[in-house]
Amino acid sequence: DIAEADLRQIVGAGLEEHLQLEYKSALYEANDRGNKESLLDICMFANAGGGILLIGINEQRDADGQPTGMPDPNAELGVELPNPEKLLQAYDARVVANIEERLPLELYPIPVANNRHVIAIRVPNSMSKPHRVHYQGHAYFPSRRERQRYEMDVREIKEMVMRTASRLEEARDKLRSE
């Protein structure tokens, strides 16, 4: 359970984005580009060991206007959202329809001041890797390094399949021995 006080502590402490944490200042656009971006961001966490996406937390900018990965303590927290449950249902439905192997997401609207919300999307570390986004006739295998999303190559996908199969076999052996 994350509350407004926890979010303010994260921002106040300057917790930088990392492999398992990403900030977004605004909601994804309600169009094809925004839908694709949301799917790629969610899927990258599933392929990279899990993580949390916090929507409604602005990042500080460097001299060139580029995001630094550090939350901006001077920015207003959250996004205006009249019906957060409707938005979360739409995100979940999009994930179910477009990300293969199924992902059990945890989606939470966290109320903050002035009738705003921070949307927390927790993507667990999946045992069904690799996951792929199948969107508008294209397939994507996104993952994450440090603070950056990237597209996995064939070698990485094959290695991930082998590691997942090995872990599943180990789990089956352990269950049999128990």
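## Contacts and backbone features of a predicted model

Val95 touches Leu39, Ile42, Leu103 and Leu105, leaving aside residues up to four places away in sequence. The structure is a predicted model. Val95 is found in helix α3 and is buried, with a relative accessible area of 2%. Its C-alpha lies 20 Å from that of Leu81, although Val95 and Leu81 are 14 residues apart in sequence.

**Helices α2 and α3**

Two packed helices are described by the angle between their axes and the distance between the axes. For helix α2 (residues 32-48) and helix α3 (residues 84-98), the axes come within 10 Å and cross at roughly 75 degrees. Angles of 65 to 115 degrees count as roughly perpendicular, and α2 and α3 are therefore roughly perpendicular to each other. From α2, the residues Asn35, Ser38, Leu39 and Ile42 meet Arg94, Val95 and Asn98 in α3. The residues of this contact divide into three nonpolar, three polar and one charged.

**Aromatic rings**

How many aromatic pairs does the model contain? The count comes to one aromatic pair. The ring centres of Tyr28 and Tyr91 are 6.1 Å apart and the ring planes stand at 75 degrees, so the pair is edge-to-face. Tyr28 lies in the loop between β1 (21-24) and α2, while Tyr91 lies in helix α3, so the pair ties together parts that are 63 residues apart in sequence. Tyr28 is buried, with a relative accessible area of 14%. Tyr91 is also buried, at a relative accessible area of 4%.

Another ring, that of Tyr150, has a charged residue over its face: Arg145 lies there at 3.7 Å from the ring centre.

Asn58 lies in the loop between β2 (51-55) and β3 (59-61). Is Asn58 buried or partly exposed? Asn58 is partly exposed, with a relative accessible area of 25%. Not counting residues up to four places away in sequence, Asn58 touches Ser25, Met70, Pro71, Asp72, Ala75 and Glu76. The C-alpha atoms of Asn58 and Ala26 are separated by 8.0 Å, with the two residues 32 residues apart along the chain.

**Backbone geometry in the loops**

Most residues other than glycine have a negative phi, and most peptide bonds are trans.

Pro130 is found in the loop between β8 (116-123) and β9 (132-135).

**Accessibility of the residues discussed**

The table collects the accessibility values.

| Residue | Relative accessible area | Class |
|---|---|---|
| Val95 | 2% | buried |
| Tyr91 | 4% | buried |
| Tyr28 | 14% | buried |
| Asn58 | 25% | partly exposed |

Conventions. Residues are numbered from 1 along each chain as its sequence is written. This is a predicted model: local features need pLDDT of at least 70, side-chain atom pairs count only at pLDDT 80 or more; totals for chains, interfaces and linings use all residues. Side-chain values use heavy atoms; hydrogens and water are left out. Axes are lines fitted to C-alpha atoms, for helices over the stretch in contact, and angles run from 0 to 180 degrees between N-to-C directions. Helices (H or I, at least four residues) and strands (E, at least two) are DSSP runs, numbered from the N terminus. Angles under 35 degrees count as roughly parallel, over 145 as roughly antiparallel, 65 to 115 as roughly perpendicular and the rest as oblique. Contact means heavy atoms within 4.5 Å. Ala, Val, Leu, Ile, Met, Phe, Trp, Tyr, Cys and Pro count as nonpolar, Asp, Glu, Lys and Arg as charged, and the others, Gly among them, as polar. Rings of Phe, Tyr and Trp (its six-membered ring) pair if their centres lie within 6.5 Å; planes under 30 degrees apart count as stacked, over 60 as edge-to-face and the rest as tilted. Buried means under 20% relative accessible area, exposed over 50%, partly exposed in between (1.4 Å probe, protein chains only). A charge sits over a ring if NZ of Lys or CZ of Arg is within 6 Å of the ring centre and within 35 degrees of the ring normal.
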